[in-house]
Amino acid sequence: REDYRIGTIPVGGLLLTAGADVQKDRIEISVWAFGRGKESWLVEHRVLMGDTARDEVWRQLGAVLGEQWEHETGALMPLARFALDTGFATQEAYAFVRLARDFRLMAVKGSAKGSALVGTPTAVDATTGGKKLRRGIKLFTVAVGIAKLEFYNSLRKVPEVAEDGVTIRYPTGFVHLPKVDAEYLQQLCAEQLVSRRDRNGFAIREWQKMRERNEALNCYVYARAA
């Protein structure tokens, strides 16, 4: 963890994206800045409390789309993309994406398998007021395993000191975090890649949760996809 202020973007951050994980009683959002060489900085993690079957929490989420964050240079940066998980409260999420009409907003669904981090979008039906809208929105499939493996490999990287003994260099993919609390860190590292045998005896590698709460990791995965 580093000393930059939560809610601000350090100088290396060039692109701002967000990922949102939808639960029954809240929507959790992580805003991440990405720079050259896949270097990344957590800008902030926010929890919007509210029943996701009702409108209020979705109105709060809509307000986030209009926000800007301060860069270390003094510039204000909006979100370039925002990926919204549709695995829970699916129709409410579809309706939010359709009504927002914001090109930056992506409806996403996690998949354990996939050859690319983000798949080709497919048109899906959405329902509003009991009426079915054919091909209402586009849905992007995210191969969460690819993002998690890349992320956990990056978390293991350490800064390098240049030959002058003073200058610090960060390797490709280095992950910067502000002074977030232990709960956030535990959520970020909530899963591990394990091997098991299927019914035919073949080895399968899959991600398993080590603890119940993993929203911080999910939000990162969607922000990375965005």
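This is a predicted model: local features need pLDDT of at least 70, side-chain atom pairs count only at pLDDT 80 or more; totals for chains, interfaces and linings use all residues.
Two packed helices are described by the angle between their axes and the distance between the axes. The table lists these values for both pairs.

| Helix pair | Axes come within | Crossing angle |
|---|---|---|
| H1 (residues 56-65) and H2 (residues 90-100) | 11 Å | roughly 40° |
| H3 (residues 144-155) and H5 (residues 215-225) | 10 Å | roughly 105° |

**H1 and H2.** With axes crossing at roughly 40°, H1 and H2 are therefore oblique to each other. The crossing of H1 past H2 is right-handed. On the H1 side the contact is formed by Trp58, Leu61, Gly62 and Leu65, and on the H2 side by Glu92, Ala93 and Phe96. Sorted by class, five residues of this contact are nonpolar, one is polar and one is charged.

**H3 and H5.** The angle of roughly 105° makes H3 roughly perpendicular to H5. H3 contributes Val144, Ala147, Lys148, Glu150, Phe151 and Tyr152, which meet Leu217, Tyr220, Val221 and Arg224 of H5. The contact of H3 with H5 has seven nonpolar and three charged residues, and no polar ones.

**Nonpolar core.** The largest nonpolar core holds 57 residues, and those with the most contacts inside it are Leu16, Ile29, Trp32, Trp58, Leu61, Phe82 and Leu84. H5 supplies the largest share of this core, with seven residues. Trp58 and Leu61 also take part in the contact of H1 with H2. Leu84 is in contact with both Trp58 and Leu61, and with Ala93 and Phe96.

Note on methods: Residues are numbered from 1 along each chain as its sequence is written. Side-chain values use heavy atoms; hydrogens and water are left out. Axes are lines fitted to C-alpha atoms, for helices over the stretch in contact, and angles run from 0 to 180 degrees between N-to-C directions. Helices (H or I, at least four residues) and strands (E, at least two) are DSSP runs, numbered from the N terminus. Angles under 35 degrees count as roughly parallel, over 145 as roughly antiparallel, 65 to 115 as roughly perpendicular and the rest as oblique. A crossing is left-handed if the near helix is turned anticlockwise from the far one by less than a right angle, and right-handed if clockwise. Contact means heavy atoms within 4.5 Å. Ala, Val, Leu, Ile, Met, Phe, Trp, Tyr, Cys and Pro count as nonpolar, Asp, Glu, Lys and Arg as charged, and the others, Gly among them, as polar. A nonpolar core is a set of buried Ala, Val, Leu, Ile, Met, Phe, Trp, Tyr and Cys residues joined through side-chain atoms within 4.5 Å. Buried means under 20% relative accessible area, exposed over 50%, partly exposed in between (1.4 Å probe, protein chains only). Lists of a residue's contacts leave out its neighbours within four places in sequence.
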